[in-house]
Amino acid sequence: MKTLPNRRGSAILVTLIFAAAALLIIVSQTKVLVSEYEDTMSYGLGQSAFHLSESGLELAMHAISKNDLGSDGWLSEGTDVWKKTFSQEVALGYTANTDVSIDLDSDDVYTITALTGIEVDGRLVQSAVELKVKEVRSEAATESSTGSGLFSYGLVAKNGIRLNHNNPGMKVASYDSDNDYGVPYFGQNTGYAVVIASVSNNNWSININNAYIHGSVRSGGGVIGYSNSHHHDPTQNATVIGPDSGMTYGVDPNRMSRDFDAEITDPDYPTTDGYAVQSMDQNYWQNNSSINLGSWNQATWVNTERINTNQNTTITVVGDVVIDATRNLNLGADVVIEPGATLVIMAGENIHINADEIAQQYPAQFQVIAKGSQDVVLNNFDVFTGVINAPNSTVRIAGVGGRPKSQFRGAIVANNIEVTNGAEFYYDVNLGNIEHSDSDSSSGTSGVGELTLVGWREIPPSSVQ
């Protein structure tokens, strides 16, 4: 009789094999699910880190535009570098830490970096972004009242210009206030765009003695007079050259012409429309050593009889401010015009300015308007940054003796212009790039004004650690 094989042991073995295989599959799937869960969680936290870094950029731009750098948790980390750190709870009870850094370079570009890190079970989930922005300067009240655009030249006069200078000769050049924080250095960051011009056709309507001009000279038809009497020292001669003159000293005839034709109109006086009007007693200016004017939320118009400030006084301006003085202006105070702010001073009688420094970055932020034919005198000043709008007046500039010389940065329109004794003149080329508007620029501004995007990118977190 034939005996059947015992299959019980084989069945158990097969069962064990399938069970082991199923266990391996379950373990493998569990690992996959766990890995996918961790990846999903890391992705979600990574997205949170990215959005928090973006929030850091927004906080930085707000601090820049509101001029809050150095306050509100923004700590200075050296020249033109600020940092801030903040924490926030995210999903699943984890905490995210965000570090934001702002770096302002010499071209006025703010580079903002934000790095957010979230520690997850010993692992660090990170995201970093970088943003570059630059200030767009507002078309302020000073820019909208530039008459016929004659501030696009440099020195412009109806009747005549006299440059009579002590030794060494007066320096005249152009510069770009967007560069090097608006500080010109003759022959280093300056150019040849300045024009010295008179619409007069009288002979010697322009008389140059002992001046060193990187630019052009133009009359309305009259002969341009200049001195070459100091032959033993060419630096004391009249010098008028351009970038292609091929000379260091002397007068390049290609840089001089008698074809200047322009209409010099009266100033376009601002009005009180859109301004909060207030009055100040004339004694207020003389009896206070610290004067604050304006608001970021509302443009300010100040009515006063006269202004007479002491040398130890500081006037700080925020927002757009117009001062209308019915009589004279005697400005000995230093003037600090915050980034994005503007100041216009109108005076009905003589104007005398001997402030040590009016040195905001952009000349278009400050305009002095002579309402009549009064004298306008700048004397013994260190730096004046602004424009003089005095088409019916004689403007006299007499700087400090010795070195460094007084610096006038901006532009002048006058009936007559006379410059003597230790002054340098630098025309800001940005005054020729103003888009004029017939509307008032009287709405309040904030901080440094609008920011324009230069570039954005997501960057490796290791690059900012």
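This is a predicted model: local features need pLDDT of at least 70, side-chain atom pairs count only at pLDDT 80 or more; totals for chains, interfaces and linings use all residues.
A cavity is a set of grid points where a 1.4 Å probe fits but cannot get out, and its lining residues have an atom within 4 Å of a point.

**Cavities**

A search of the whole structure finds two cavities of 30 Å³ or more. The second largest cavity holds about 40 Å³ of space. Its lining consists of Trp-285, Ile-307, Ile-315, Ile-323, Leu-329, Leu-331, Val-335, Leu-343 and Ile-345. Two strands, E21 (329-331) and E23 (342-347), are the elements that give two or more residues to this lining. By type, the lining of the second largest cavity has nine nonpolar residues, no polar and no charged.

**The protein as a whole**

The protein has two helices and 31 strands. Buried residues make up 48% of its 465 residues. Among contacts with a separation of 6 or more, 56% are between residues 24 or more positions apart.

**Nonpolar cores**

The largest nonpolar core has 73 residues, and the members that touch the most others are Ile-208, Phe-384, Ile-388 and Ile-412. Strand E29 (residues 406-420) supplies the largest share of this core, seven residues. Apart from this core lies another, of 18 residues, which includes Ala-60, Phe-86, Val-129 and Leu-131.

Leaving aside residues up to four places away in sequence, Phe-384 touches Ile-353, Ile-358, Phe-366, Val-368, Leu-378, Gln-407, Phe-408 and Arg-409. Of these, Phe-408 also stands opposite Phe-425 in strand E30.

**Strand E30**

Six of the six residues of strand E30 (residues 423-428) are buried, so this strand is largely enclosed by the rest of the structure. In a regular strand the side chains alternate between the two faces of the sheet. Both faces of E30 are covered: Ala-423, Phe-425 and Tyr-427 are buried on one side, and Glu-424, Tyr-426 and Asp-428 are buried on the other.

E30 pairs with two strands named here, as the table sets out.

| Strand paired with E30 | Sense | Bridges | Residue and its partner in E30 |
|---|---|---|---|
| E7 (residues 170-175) | parallel | four | Ala-173 and Tyr-426 |

**Two buried residues in other strands**

Gly-160 is found in strand E6 (residues 154-164). Is this residue buried or exposed? Gly-160 has a relative accessible area of 6%, and because buried means under 20%, it counts as buried. Not counting residues up to four places away in sequence, Gly-160 touches Ser-198, Ser-205, Asn-415, Asn-416 and Ile-417. Its C-alpha atom is separated by 8.5 Å from that of Ala-197, which lies 37 residues apart along the chain.

Ser-216 has its place in strand E11 (residues 211-218). The relative accessible area of Ser-216 is 16%, so by the cut-off of 20% Ser-216 is buried as well. Which residues does Ser-216 touch, not counting those up to four places away in sequence? They are Val-194, Val-195, Ile-196 and Arg-255.

Key. Residues are numbered from 1 along each chain as its sequence is written. Side-chain values use heavy atoms; hydrogens and water are left out. A nonpolar core is a set of buried Ala, Val, Leu, Ile, Met, Phe, Trp, Tyr and Cys residues joined through side-chain atoms within 4.5 Å. Buried means under 20% relative accessible area, exposed over 50%, partly exposed in between (1.4 Å probe, protein chains only). Contact means heavy atoms within 4.5 Å. On a 1 Å grid over the protein atoms alone, a cavity is a set of points where a 1.4 Å probe fits but cannot get out, and a pocket is an open set with protein on both sides within 12 Å along at least five of seven lines; lining residues have an atom within 4 Å of a point. Grid points are joined across faces, edges and corners, and a volume is the space filled by probe spheres set on the points. Ala, Val, Leu, Ile, Met, Phe, Trp, Tyr, Cys and Pro count as nonpolar, Asp, Glu, Lys and Arg as charged, and the others, Gly among them, as polar. Two strands pair if DSSP finds at least two bridges between them.
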